[in-house]
Amino acid sequence: MTVLRSDIPARLDRLPWSRWHWRVVIALGVAWVLDGLEVTLVGSIGAVLERPDTLGLSAGEIGLSGSVYVAGAVLGALLFGRLTDRLGRKKLFLITLVVYTVGTLATAFSPNFAFFALCRFVTGLGIGGEYAAINSAIDELIPARVRGRVNLAINGSFWIGAALGAALSLVLLDTRVVGPVWGWRAGFALGAVLAVAILLVRRDVPESPRWLIAHGRADEAKRIVDRIEAEVEAQHGPLPAPQGHVNYTAARATSPSMREVARVLLQRYRQRSVVALALMVSQAFFYNAIFFTYALVLTRFYGVPEGSVALYIFPFALGNVLGPLLLGPLFDSVGRRKMIALTYVLAGVGLAFTGWAFMMGWLDARSQALCWSAVFFLASAAASSAYLTVSEVFPLEMRAMAIAIFYAVGMGAGGFAAPVLFGLLIETGSRGAVMVGYAIGAALVIVAGLLALRYAADAERKPLEEVAPPLSSEDGAADART
């Protein structure tokens with residue numbers, strides 16, 4: 001048996017933070033900004049699209065377009081996740097961004113509902129694929145000691161896009177700027193322009209050396225790491241010697257079969273799969289329940305004018321951005337299990353208390369928004385840690401597919417069920433009924449947090465190969481046989 005002894009993972013993990021890492025984070029992390037921009041822009045212009053001088057959509061058609069977007073994201077994650085493991089990270093994070101760009105640009109030229117819905121589906125395909133391709137690449141390129149905080153910060157950047165989407169809608173729909181007839185089209189066109197700019201930057205991000213070596217392309221992986229080290233040394237001086245190596249016994253030309261993926265998830269890492277499923281489903285329900293009905297609560301119960309709803313996005317977005325940024329370092333120092341449990345449980349408790357205050361009529365629109373901002377300061381870090389968990393606790397050869405599966409299940413359960421349930425509860429006009437929905441969301445995240453405290457993997461500051469040995473390594477092959 002031929003064994004390839006490689007120190008490439010150790011060479012990547014011992015690198016000091018550098019300008020090269022910043023470029024990778026900016027080029028890849030913008031995927032979440034684009035998703036936040038899309039979701040918020042559509043939510044903010046929903047009323048405008050009902051006008052006869054725009055698309056003349058019904059409320060049902062607007063809701064259906066949102067479901068079509070989510071369906072596209074789920075299918076895109078599964079399709080492109082599979083291809084990411086098979087063809088490599090770089091090919092797919094370029095392809096998925098192109099798909100997104102085409103979809104959102106075409107949206108700006110929609111003449112009717114059918115074309116608009118098709119464009120939303122294509123845009124969702126690109127965004128879903130981004131989640132699988134980007135999380136894989138980031139975890140494999142970022143040093144282990146800061147992997148947690150970087151991953152959380154990037155996932156939290158969704159809310160930078162949300163704030164940008166809200167700001168764009170306020171400016172572009174203003175009759176003194178563009179106006180509602182053409183402003184909504186300009187918003188989608190600007191999203192496409194941003195994507196093209198990022199595509200140009202993203203071309204310089206290399207293929208994951210970890211993926212290359214696991215697929216038998218050791219020479220190519222070495223050349224890439226040599227170039228990275230040369231650039232980092234030019235900034236920081238001589239680098240310390242790498243510590244440790246991985247023995248690869250059977251480089252794979254193809255990605256694992258779906259049967260092998262199922263065996264790893266359901267047998268080898270059954271406990272991790274249960275935790276990942278609980279984290280993803282509960283955070284998806286929690287987020288989609290609140291965010292997709294945010295405008296309805298403000299307009300129905302607090303009488304906020306539809307044109308002013310976007311203003312309430314800003315404090316909400318601020319709490320969501322600051323949570324991962326400020327709490328992220330603790331996931332690397334205090335540890336994954338403790339911080340996941342803490343953020344999930346406290347977010348659930350916070351939502352329960354906020355829901356109680358809402359039911360009792362103690363809040364107005366402003367204080368309600370501030371309470372939600374405080375709750376989602378914690379919930380944003382919690383939700384981001386769910387994506388971190390599914391991206392680092394499974395083997396390299398199936399990492400993107402694992403991300404895609406749990407993302408699809410989470411979005412499929414929470415992304416569809418939560419908005420429908422809360423929409424029905426809000427339609428009753430009863431604060432008590434809405435409180436029941438808040439209580440369900442709170443209970444789900446509290447239970448998920450307690451599961452993580454007991455069963456989640458201690459992945460902080462550990463190389464990915466130690467957290468989950470590659471299937472092509474000696475340790476991975478041995479685990480697969482047992």
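**Helices side by side, rings in pairs**

Start with helix H4 (residues 89-107) and helix H8 (residues 180-202), whose axes come within 8 Å and cross at roughly 160°. Keep in mind that you are looking at a predicted model. How do these two helices run relative to each other, roughly parallel or roughly antiparallel? An angle over 145 degrees counts as roughly antiparallel, and therefore H4 and H8 are roughly antiparallel to each other. The crossing of H4 past H8 is left-handed.

Now zoom in on the residues that touch. On the H4 side they include Phe-93, Leu-94, Leu-97 and Tyr-100, while on the H8 side Trp-184, Phe-188, Ala-192 and Leu-199 are among them. Sorted by class, the contact of H4 with H8 holds 14 nonpolar, 4 polar and 1 charged residues.

Helix H7 (residues 158-172) and helix H14 (residues 313-333) have axes that come within 8 Å and cross at roughly 165°. That angle makes H7 roughly antiparallel to H14, and H7 passes H14 in a left-handed crossing. From H7, the contact includes Trp-159, Ala-163 and Leu-170; from H14, Phe-316, Ala-317 and Asn-320 are among the residues taking part. The contact of H7 with H14 has 12 nonpolar residues, 1 polar and no charged.

Next, turn to the aromatic rings. A pair of aromatic rings is described by the distance of the centres and the angle of the planes. The count for this model comes to 19 aromatic pairs. Take Phe-158 and Trp-159: their ring centres are 4.8 Å apart and their planes stand at 70°, so the pair is edge-to-face. For edge-to-face, the planes must be over 60 degrees apart. Are these two residues buried or exposed? Phe-158 has a relative accessible area of 12% and is therefore buried, and Trp-159, at 4%, is buried as well.

Another edge-to-face pair is made by Tyr-302 and Phe-358, with 6.3 Å from centre to centre and 65° between the planes. This pair links distant parts of the chain, because Tyr-302 sits in helix H13 (residues 294-302) and Phe-358 in helix H15 (residues 336-360), 56 residues apart. Both Tyr-302 and Phe-358 are buried.

Methods: Residues numbered from 1 in each chain as written. Predicted model: local features only at pLDDT ≥ 70, side-chain atom pairs only at ≥ 80, totals over all residues. Heavy atoms only, no water. Axes fitted to C-alpha atoms, helices over the stretch in contact; angles between N-to-C directions. Helix = DSSP H or I, 4+ residues; strand = E, 2+ residues; numbered from the N terminus. Parallel < 35°, antiparallel > 145°, perpendicular 65-115°, else oblique. Left-handed = near helix turned anticlockwise from the far one by under 90°. Contact = heavy atoms within 4.5 Å. Nonpolar A, V, L, I, M, F, W, Y, C, P; charged D, E, K, R; others polar. Phe/Tyr/Trp six-rings, centres within 6.5 Å; stacked < 30°, edge-to-face > 60°. Buried < 20%, exposed > 50% of the residue type's maximum accessible area, 1.4 Å probe, protein only.
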